[in-house]
Amino acid sequence: MTIETTRFGMFSRRDLIHGGLILGGLALTGCSPSGSSNGGSESRQILAAAQSSATPPPAAHEAAMTVYRDPSCGCCEAWADIAREAGYQVTLLDDSDMAAVKLRLGVPAGLASCHTALVDGYVVEGHVPLDQVDRLLRERPADIKGIAVPGMPIGSPGMEVPNGTREPFQVIAFDQAGETSIYRG
């Protein structure tokens with residue numbers, strides 16, 4: 001496996017402003033791929049359809065997971081529901097200042113997504129597949145602070161769409177210093 005490493009230790013003012021604008025845009029759109037504001041019912045219908053056709057997870061965790069999200073974000077709730085279905089004990093916390101949450105938890109700006117979770121001492125940023133969260137907790141790498149799926153790729157967990165479209169994405173690991181590497185391609 002090839003590992004790519006990038007340094008995100010120092011952020012420029014432009015990086016921080018750009019990250020804030022992205023997070024603000026996510027909050028305004030309600031994290032909905034269609035931009036609709038139907039109270040999340042469409043997200044739940046898509047989630048139910050995806051779950052009915054998916055095979056059940058091999059082993060459920062009973063780990064406690066805290067998910068921070070903007071109060072208006074429906075896809076964050078969909079991802080939290082997927083985590084619950086996988087056996088995690090999820091607490092969903094609304095926070096209108098997600099940029100501050102990410103900064104406090106050490107999420108590199110280039111890896112930001114719409115929600116941030118804490119589970120068993122690790123940070124999970126964005127729409128990470130739960131099998132990769134399971135892997136992280138099983139392997140417990142000491143040199144990794146967390147894993148992330150940057151942005152909001154269509155077709156990632158919680159971002160499913162009715163026509164089944166899937167954008168390619170990678171799961172990225174990051175350490176205390178902000179160094180990143182591909183966790184899963």
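Predicted model: local features only at pLDDT ≥ 70, side-chain atom pairs only at ≥ 80, totals over all residues.
Setting aside residues up to four places away in sequence, I147 touches V123, V124, E125, V128, Q132, V133, L136, V171, I172, A173, F174 and Y183; contact here means heavy atoms within 4.5 Å. Local features need pLDDT of at least 70 and side-chain atom pairs count only at pLDDT 80 or more, while totals for chains, interfaces and linings use all residues. Residues are numbered from 1 along each chain as its sequence is written, and side-chain values use heavy atoms, with hydrogens and water left out.

Buried means under 20% relative accessible area, exposed over 50%, and partly exposed in between (1.4 Å probe, protein chains only). Helices (H or I, at least four residues) and strands (E, at least two) are DSSP runs, numbered from the N terminus.

Move to T116, found in strand β3. T116 counts as buried because its relative accessibility is 0%. The side chain of T116 makes a polar contact of 2.5 Å with the side chain of E125. A polar contact is a pair of N or O atoms within 3.5 Å; within protein, one must be able to donate a hydrogen and the other to accept it, and residues adjacent in sequence count only if both atoms are side-chain atoms. Beyond its neighbours within four places in sequence, T116 is in contact with residues including T66, Y68, M98 and V107.

Continue to D120, in the loop between β3 and β4. D120 is not a glycine, yet has a positive phi of about 50 degrees. With 46% relative accessibility, D120 counts as partly exposed.

**Helix α5**

Select α5, in which seven of the ten residues are buried: L130, Q132, V133, D134, R135, L136 and L137. R135 deserves a separate view, as its charged end sits over the ring of Y183, 3.9 Å from the centre. A charge sits over a ring if NZ of Lys or CZ of Arg is within 6 Å of the ring centre and within 35 degrees of the ring normal. The charged end of R104 likewise sits over the ring of Y68, 5.6 Å from its centre.

After α5 comes R140, with a positive phi near 50 degrees. R140 lies in the loop between α5 and β5 and is partly exposed, at a relative accessible area of 41%.

Finally, display β6 (residues 171–174) with β7; the two pair in the antiparallel sense over four bridges. Strands pair if DSSP finds at least two bridges between them. F174 stands opposite T180 in β7. Five residues lie between the strands of this hairpin, where G178 takes a positive phi near 90 degrees. Four of the five residues of β7 (residues 180–184) are buried.
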